[in-house]
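Me: I have a model open and would like to learn how to read it, one feature after another. Could you walk me through it?

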Amino acid sequence: MNQIGFVLLSVLAVGSALSVILQRNPVMSALSLVVTIFSLALAFLSLGSSFVAVVQVIVYAGAVMVLFVFVIMLLDLGRREPFKLTGVGRKILGIAAVAAFLFQISASLSAVGVMGARPPEPLPPGYGTALAIGRSVFTDYVYPFEAASVLLLAAMVGALILAKRRI
Amino acid sequence: MTGYAQLDLAASVGQILPELVATAAFLLAVVVDLVSRRRKEAVCAVVLAGCIAGLVLSLAQLKAGQSLIFAGMAAADPLAAILKAVVFLATGLVALFSLGSPEIRMSGRGEYYSLLLVVAVGACFMASAMNFVMVYLATELVTVTSCILVAHAKDDRRASEAALKYILFGAAASGVMIYGISLLYGATGTLSLTGVSRALVSGQVPGLVAVLGVVFVLAGIGYKIAAVPFHFWCPDVYEGAPTPITAFLSIVPEAAGFGLLIRVYMLGFGERMGQGWAAAASLDWPSLLAVVSALTMTLGNLGALHQTNLKRLMAYSSIAHAGYILMGFVALSKTGLNAMIIYIIVYLFMNLGVFAVLIGLSRRLASDQIASFRGLGGRAKFPAFAMTVFLFSLTGIPPLAGFTGKFYLFAAVIDAKIYWLAIVGALNSVVSLYYYVRIIKAMYIEAGETEGGPIQLPALYTALLVALVVPTVVLGIFWGPLAGMTEASLRFLF
């Protein structure tokens, strides 16, 4: 059951990812990306990693996608020629890049054995849940957490100063 | 390990009082900025109070022993305490400088002062980080906030260009550093500096990964201290930024960067050997740093020779000084680290002094060009005299503080029997005399426009110059107490 679900989700993720790059309309690409992100989130959920799944939806499907759509609308890409690489070596470069990528993937897969010849070690109970992450963030990582909040606050103040004409 | 006591979370809070007070002052400053009528003065007062409280609390930590706080994320030890004190002292002085600066006044905003405090807090994080998560967050905090400060005069095209260069170089340096950190994490399974050191010593880390990690982390730290080859941003940013920010960048990120260098390389990539320290797993980073040090001071000094803009000249001069300070680290000895700390403190006074003269006179000078200093010796007697003292001190001429600093640095290098580096350093000091004296020559010997009449320095700047000249002279004659204090702050490491 779990296996079938995982395969279905994977097919959906890969299919919608292909659609992201094959669509001519950038807004359709963005919408396909939403489907990719949701299917990835569900895949994470089926692996028992609820926190990552939720973050995936909130951060990527929520915030990042809104940003993408904004950029697409502001730049008004629809009426332009799609981005084109020019130059003599672009086919050679492209083939070389694909070859390097395939080599990398096959090397990594053969190093661990395809589909993991070595069974993965069982995770400790409660690993990756919101409870465990929250506990860790507010105990072991509380100092970096607070440092990050100072950083974000300062960046926000700075963005306001730099972006606003008159304060 | 060097006997760090691990404190629990509740007890840890007591060890970060300087940072807490500074952060509280920052938040208060933001609120005061919204409600106060005389916003700039009020915000500056809050920020100054924060700096003074931070300075006092940091000095109080000097004798507090050493402990790991917040689950090993940071350390509370005398080395961190002394660097925090330097950071707060410099931040307070720069906040005072900025009060009368026309460049800051024009933009007329209070946020400027509160962001100074944020950089100071980030510098404190840098000086005390014991975990790569903190190393990265602290450097980002300092970089991002410094960049906002540089860009703060946003109508000034040069400042915007400088800010863009600063953030691009910073992003690249951070990227390289975090890549190095990720390699080290992958190979060691830990982000704590002491854990990385243990793993390196045990030999479980593949050689190439260790070398790449150690070199890549240097990119992030080298960017902060403006060491060659990560110094390219320095001249443009120094020239384009408002002068008080240039003064700030020349000391606060630099002091914190050296603190981080000591911590990451000695505790993270080094191991204790009897009374001293050595590179872990025969990774020869001390030699690498020796070469970086020699290149940094040579390129800095050669670059400064032909500059006509004083701020650009000071940028190359600060690159050269970063090279001198690195020289102390290469020795990996107590005398070497002691020399670094002494030099950073001395450098604070003399370098801020030069900028104080520049800011104090900025209303009356045509430009930042050295040519506009012509004939200043007759028109502004005290500022010209103070400038001469600072410049001679930067050269390292006795009996000024710069000589004390250089004396300690050279003694440490010769002590460690790295003679070639000492010779390179000595030759570089001779070269530096040429361009510092060019400014003095312009002030006293070359004739300038005489119709300008005498220049009266604002009282604030006269007081500041006195406050900076006195330590520059006194520490050149009577440095015992300072050297004693810095040495005591390093005792826990050796």
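**Where the chains meet**

Reply: Let's start with the contact, which takes 22 residues from chain A and 27 residues from chain B; contact means heavy atoms within 4.5 Å. Please keep in mind that this is a predicted model, where local features need pLDDT of at least 70, side-chain atom pairs count only at pLDDT 80 or more, and totals for chains, interfaces and linings use all residues. Residues are numbered from 1 along each chain as its sequence is written, chains are lettered from A and ligands numbered from 1 in the order in which they are written, and side-chain values use heavy atoms, with hydrogens and water left out.

Me: How much area do chain A and chain B bury between them?

Reply: The size of an interface is often given as the accessible area lost when the parts come together. Here, buried area is the accessible area (1.4 Å probe) that two parts lose on being put together, summed over both. For chain A and chain B that comes to about 2100 Å², with 82% of it on carbon and sulfur atoms. The count of salt bridges between chain A and chain B is zero; a salt bridge is a side-chain nitrogen of Lys or Arg within 4 Å of a carboxyl oxygen of Asp or Glu.

Me: Which elements does chain A have?

Reply: Chain A has six helices and zero strands, in the order α-α-α-α-α-α from the N terminus on. Helices (H or I, at least four residues) and strands (E, at least two) are DSSP runs, numbered from the N terminus. Of the 167 residues of chain A, 19% count as buried, where buried means under 20% relative accessible area, exposed over 50%, and partly exposed in between (1.4 Å probe, protein chains only). Chain A exposes about 12700 Å², and carbon and sulfur atoms supply 74% of that area. Accessible areas come from the Shrake-Rupley method with a 1.4 Å probe, and for residues only the protein chains shown count as cover.

Me: Into which domains is chain A divided?

Reply: Domain bounds come from an automatic or database domain assignment. In chain A they give domain 1 (1-78) and domain 2 (126-167). The centres of domain 1 of chain A and domain 2 of chain A, taken over C-alpha atoms, are 25 Å apart. Four residues of domain 1 of chain A are in contact with five residues of domain 2 of chain A, and the two domains bury about 270 Å² between them, 62% of it on carbon and sulfur atoms. On the domain 1 side, A:Gly48, A:Ser50 and A:Phe51 supply 89% of the area buried against domain 2 of chain A, more than any other three residues. Across this interface the rule finds zero salt bridges.

Me: Which residues form a nonpolar patch on the surface?

Reply: Patches are made of residues with over 30% relative accessible area and no salt bridge: like charges are joined within 9 Å, nonpolar side chains (Val, Leu, Ile, Met, Phe, Trp, Tyr) within 5 Å. In this model A:Val66, A:Leu67, A:Phe68, A:Phe70, A:Val71, A:Leu74 and A:Leu75 form such a patch, with about 710 Å² of accessible area together. Take A:Val66, which is in helix α3 (residues 50-75) of chain A. A:Val66 is partly exposed, with a relative accessible area of 46%.

Me: How many salt bridges are there over all chains?

Reply: Side chains of opposite charge can pair when their charged atoms come close. By the rule above, the count over all chains is eleven. One of them joins B:Asp368 and B:Lys311 (3.8 Å, N to O). This pair links distant parts of the chain, 57 residues apart: B:Asp368 is in the loop between α15 (334-361) and α16 (376-379) of chain B, and B:Lys311 is in helix α14 (residues 310-330) of chain B. B:Asp368 counts as buried at 19% relative accessibility, and B:Lys311 is buried with a relative accessible area of 0%.

Me: Where is B:Gly268, and is B:Gly268 buried or exposed?

Reply: B:Gly268 is in helix α12 (residues 243-268) of chain B, and at 0% relative accessibility B:Gly268 counts as buried. B:Gly268 and B:Val196 are 72 residues apart in sequence and 5.7 Å apart in space, C-alpha to C-alpha. Not counting residues up to four places away in sequence, B:Gly268 touches B:Leu193, B:Val196, B:Ser197, B:Leu200 and B:Arg263.
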